[in-house]
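Please look over the sequence and the structure shown below, and then follow this short report on strand pairing and aromatic contacts.

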Amino acid sequence: VQLQASGGGLVQPGGCLRLSCVASEVMYTMAWFRQAPGKEREFVATITPRGTFTAYGDSVKGRFTISRDFAKNTAYLHLNSLKPEDTAVYHCAAGYNSGTGRAQDYPYWGQGTLVTVSS
């Protein structure tokens with residue numbers, strides 16, 4: 001499975017972005033993780049193949065939304081009310097699971113896209 005992430009950039013605090021991840025195959029749970037400089041990788045959000053289940057990391061609940069377009073093999077991460085602490089490289093990942101937040105459950109990873117939140 002190949003994954004291609006895009007949509008990162010520089011945004012001011014309180015702003016929003018939409019990240020996209022296109023997958024070469026569709027029947028996988030897809031997730032987003034992020035890693036800030038000097039910090040461990042952190043679970044952000046996950047969505048099952050048909051979008052029937054989603055889950056979020058505690059630090060983004062209520063601000064980020066994950067969605068997917070099954071026909072386009074694409075998962076999206078909508079980032080709202082961004083804070084400087086959201087600055088990180090965001091990675092999309094895919095795997096056969098029920099929607100977990102554990103990186104080891106996702107064997108397929110795309111390249112990261114950098115999100116920088118700064119005034």
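## Strand 11 and its partners

How many bridges join strand 2 to strand 11, and do the two strands run parallel or antiparallel? In this predicted model, strand 2 (residues 9-11) is joined to strand 11 by three bridges, and the two run parallel; within this pairing, L10 has T116 as its bridge partner.

Strand 9 (residues 88-95) is also joined to strand 11 by three bridges, but here the strands run antiparallel, and V89 has L114 as its bridge partner. Strand 11 itself, which spans residues 113-117, has a covered face made up of T113, V115 and V117, while L114 and T116 belong to the uncovered face.

## Aromatic pairs around F33

There are five aromatic pairs in the model. In one of them, the ring centres of F33 and F43 are 5.7 Å apart and the planes meet at 65°, so this pair is edge-to-face. Because F33 belongs to strand 4 (residues 29-35) and F43 to strand 5 (residues 42-47), the pair ties together parts that are ten residues apart in sequence. F33 counts as buried because its relative accessibility is 2%, and F43, at 15%, counts as buried too.

F33 also pairs with Y106, with ring centres 5.6 Å apart and planes at 70°, so this pair is edge-to-face. Since Y106 lies in the loop between strand 9 and strand 10, the pair ties strand 4 to a part that is 73 residues away in sequence. Ring pairs link F33, F43, Y106 and W109 into a cluster.

## Charges over rings

The charged end of R41 sits over the ring of W109, at 4.6 Å from its centre, while the charged end of R50 sits over the ring of F70, at 4.0 Å from its centre.

Notes:
Residues numbered from 1 in each chain as written. Predicted model: local features only at pLDDT ≥ 70, side-chain atom pairs only at ≥ 80, totals over all residues. Heavy atoms only, no water. Buried < 20%, exposed > 50% of the residue type's maximum accessible area, 1.4 Å probe, protein only. Helix = DSSP H or I, 4+ residues; strand = E, 2+ residues; numbered from the N terminus. Pairing = 2+ DSSP bridges. Phe/Tyr/Trp six-rings, centres within 6.5 Å; stacked < 30°, edge-to-face > 60°. Lys NZ or Arg CZ within 6 Å of the ring centre and 35° of its normal.
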